[in-house]
Amino acid sequence: LLSARAGDATQRLKDAVLRVLPMGLPYSLFARPLLRFTDSERAHSLAMRSLASFGQSRVGQRALSAIYHAPELPIHVFGRLFHHPLGLAAGFDKGAEALSAWPALGFSWIEYGGITRFPQEGNPKPRMFRAHSERALVNRMGFNNPGAVAVRDRLIDRRASGMWPKVPVAANIGRSRKTPNESAPSDYSSTLEMLWNQADMFVLNVSSPNTPGLRELQEVDHLSSILAECKMMSDRKGGGKPLLLKLSPDNSDDEIIASAQMAMRMDIDGFVATNTTLHRPVPKNAASRSVFAEGGGLSGRPLQARSNEVIRLLYEEAGSAVPIVGVGGIDSVDTAWQAVASGASLLQLYSALVFNGPSVVSGIVKGLGRKVKENGFLGIEEAVGLDIT
């Protein structure tokens, strides 16, 4: 009886939200057409403001969860239990403004940032563009963020208010624009120190194409210095929080393997494959041609094939010893399953949230659950690296 009453209450809440909230309407009928007439960055800012207010309240969280709740598909990675593999990629919640809203949209973990040691405004606007036909985004944001101190203070207040999310949280760390590469190790380690108590794991971003010279940090000499400095900082803090390295899809296979081998010698805890790409697909129409002519990194569906290749490269090199987070063009059950079968233990999405809407999360997780059963597996962990012989 209690269960039935709880179910009735949940359904009433869901029905109420569907009546009054635009986000409860079918995404394809409301939000996606609106996107075509709204500047990309403005649309993103509007979404973030809505999530930072409505999605941060307990009533708002319950309302969103009633609609977008994702099923359980548990997996243990980095010594932690994730309710399912799918998380929010860095770049969406740059300043960690809406952390508590993302689990209500179905995500099992969150990555905020990228955060830099010093505040920075990023590149001049416009700097974010959509190619609807290809389901792709191009951005040259340039690590716009309030800086490590401001984010730390914001998150201390959030934790004190009892609004910290009950899922794993990762912080994406980038090099400050004004910091030369020679000083990058101390820049990364300083940000790591400031955010140490405000994340469960950290992603070292040395692969964004939108900060001049940043990708040079993937070279072995630079990379070894950064990892050594960050590892020392981690040790001083008592360790226990995984450090992950985010790699570029534009490096050659040999360069990726060299970076991965160096990172493994430095006891890296995981890889993120991949960042955005400077490469462009053949445009389908004049609108896409205009978007692809813009400078910046491309994400979304056209990145999926290369991202999957990099996942396979890393898994073939590291096996199951160093977990891989797959990101880039994951927008369906099939693309998510391909990433897992290629070696990804965890997954992230960004562009699919823009083009498909929040229901994409629960849809992918449900589909992965079906794939697990179809293959006779006990859990999703058994599918990791399935295609690697």
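## Burial and the model

A residue is called buried when its relative accessible area is under 20%, and in this predicted model that label applies to both Phe92 and Tyr350. Phe82 and Trp109 are likewise buried.

## Aromatic pairs

Five aromatic pairs are counted in the structure. In one of them, the ring centres of Phe82 and Trp109 lie 6.0 Å apart with the planes at 80 degrees, and because an angle over 60 degrees is classed as edge-to-face, this pair falls in that class. Phe82 belongs to strand β2 (residues 80-82) and Trp109 to strand β4 (residues 109-115), so the contact ties together parts of the chain that are 27 residues apart in sequence.

Another aromatic pair joins Phe92 and Tyr350, which is tilted, with 4.9 Å from centre to centre and 55 degrees between the planes. This pair links distant parts of the chain, 258 residues apart, since Phe92 sits in the loop between β3 (86-88) and α5 (101-104), while Tyr350 sits in the loop between β13 (346-349) and α13 (351-356). Phe92 and Tyr350 also belong to a cluster, linked by ring pairs, that includes Trp102 and Phe107.

## A negative surface patch

On the surface, Glu182, Glu216, Glu219, Asp221, Asp254 and Glu255 gather in a patch of negative charge. Within this group, Glu182 is located in the loop between β7 (169-173) and α7 (184-195), and its relative accessibility of 65% is why Glu182 counts as exposed, the cut-off for that label being over 50%.

Note on methods:
Residues are numbered from 1 along each chain as its sequence is written. This is a predicted model: local features need pLDDT of at least 70, side-chain atom pairs count only at pLDDT 80 or more; totals for chains, interfaces and linings use all residues. Side-chain values use heavy atoms; hydrogens and water are left out. Patches are made of residues with over 30% relative accessible area and no salt bridge: like charges are joined within 9 Å, nonpolar side chains (Val, Leu, Ile, Met, Phe, Trp, Tyr) within 5 Å. Accessible areas come from the Shrake-Rupley method with a 1.4 Å probe; for residues, only the protein chains shown count as cover. A salt bridge is a side-chain nitrogen of Lys or Arg within 4 Å of a carboxyl oxygen of Asp or Glu. Lys and Arg count as positive and Asp and Glu as negative; His and the chain ends are not counted. The place of a charge is taken as NZ of Lys, CZ of Arg, CG of Asp or CD of Glu. Helices (H or I, at least four residues) and strands (E, at least two) are DSSP runs, numbered from the N terminus. Buried means under 20% relative accessible area, exposed over 50%, partly exposed in between (1.4 Å probe, protein chains only). Rings of Phe, Tyr and Trp (its six-membered ring) pair if their centres lie within 6.5 Å; planes under 30 degrees apart count as stacked, over 60 as edge-to-face and the rest as tilted.
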